[in-house]
Amino acid sequence: MAFDAGFTCAVASELSDRLTGGRIEKIFQPTRDSVLFYVHPERAATLKLIIDVNPSNCRMGITR
């Protein structure tokens with residue numbers, strides 16, 4: 001699946017709904033190409049946001 005403008009807009013909208021107003025508690029770099037943020041949004045449990053910039057498998061989203 002291409003990470004084009006439409007897909008980027010959809011991901012940004014979903015993440016904005018879930019993470020706005022949250023505080024970043026921890027940041028990890030599990031691999032050379034990825035960063036994992038522990039975000040504590042208002043009135044919700046802590047979420048894990050992963051951003052992976054690997055050229056063959058880029059992704060961004062909430063993970064377990």
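**View 1. Seven residues make up the largest nonpolar core.** Here you're looking at Val 11, Leu 15, Leu 19, Phe 37, Val 39, Leu 47 and Leu 49. A nonpolar core is a set of buried Ala, Val, Leu, Ile, Met, Phe, Trp, Tyr and Cys residues joined through side-chain atoms within 4.5 Å. As for burial, buried means under 20% relative accessible area, exposed means over 50%, and partly exposed is in between (1.4 Å probe, protein chains only). Three elements, α1 (5–19), β2 (34–40) and β3 (47–52), each supply at least two of the core residues, and α1 gives the most, with 3. Helices (H or I, at least four residues) and strands (E, at least two) are DSSP runs, numbered from the N terminus.

This is a predicted model, where local features need pLDDT of at least 70 and side-chain atom pairs count only at pLDDT 80 or more, while totals for chains, interfaces and linings use all residues. Residues are numbered from 1 along each chain as its sequence is written, and side-chain values use heavy atoms, with hydrogens and water left out.

**View 2. Zooming in on Val 39, one of the core residues.** Setting aside residues up to four places away in sequence, Val 39 touches Leu 19, Gly 22, Arg 23, Ile 24, Ala 45, Thr 46 and Leu 47. Contact here means heavy atoms within 4.5 Å.

**View 3. Asp 33 is buried but has no salt bridge.** You'll find Asp 33 in the loop between β1 (23–31) and β2. The nearest side chain of opposite charge is Arg 32, 4.0 Å away. Lys and Arg count as positive, Asp and Glu as negative, and His and the chain ends are not counted. Beyond its neighbours within four places in sequence, Asp 33 is in contact with Ile 51, Asp 52, Val 53 and Asn 54.

**View 4. The whole structure has 2 salt bridges.** A salt bridge is a side-chain nitrogen of Lys or Arg within 4 Å of a carboxyl oxygen of Asp or Glu. One joins Glu 42 and Arg 43 (3.5 Å, N to O); Glu 42 is partly exposed at 48%, and Arg 43 is exposed at 80%. Another pairs Asp 52 with Arg 59, with the closest N and O atoms 3.8 Å apart. Asp 52 is buried, at 12% relative accessible area, whereas Arg 59 is partly exposed at 40%.

**View 5. Cys 9 is in no disulfide.** A disulfide is a pair of cysteine sulfur atoms within 2.5 Å, and the count comes to 0. For Cys 9, the nearest cysteine sulfur is that of Cys 58, 16 Å away.
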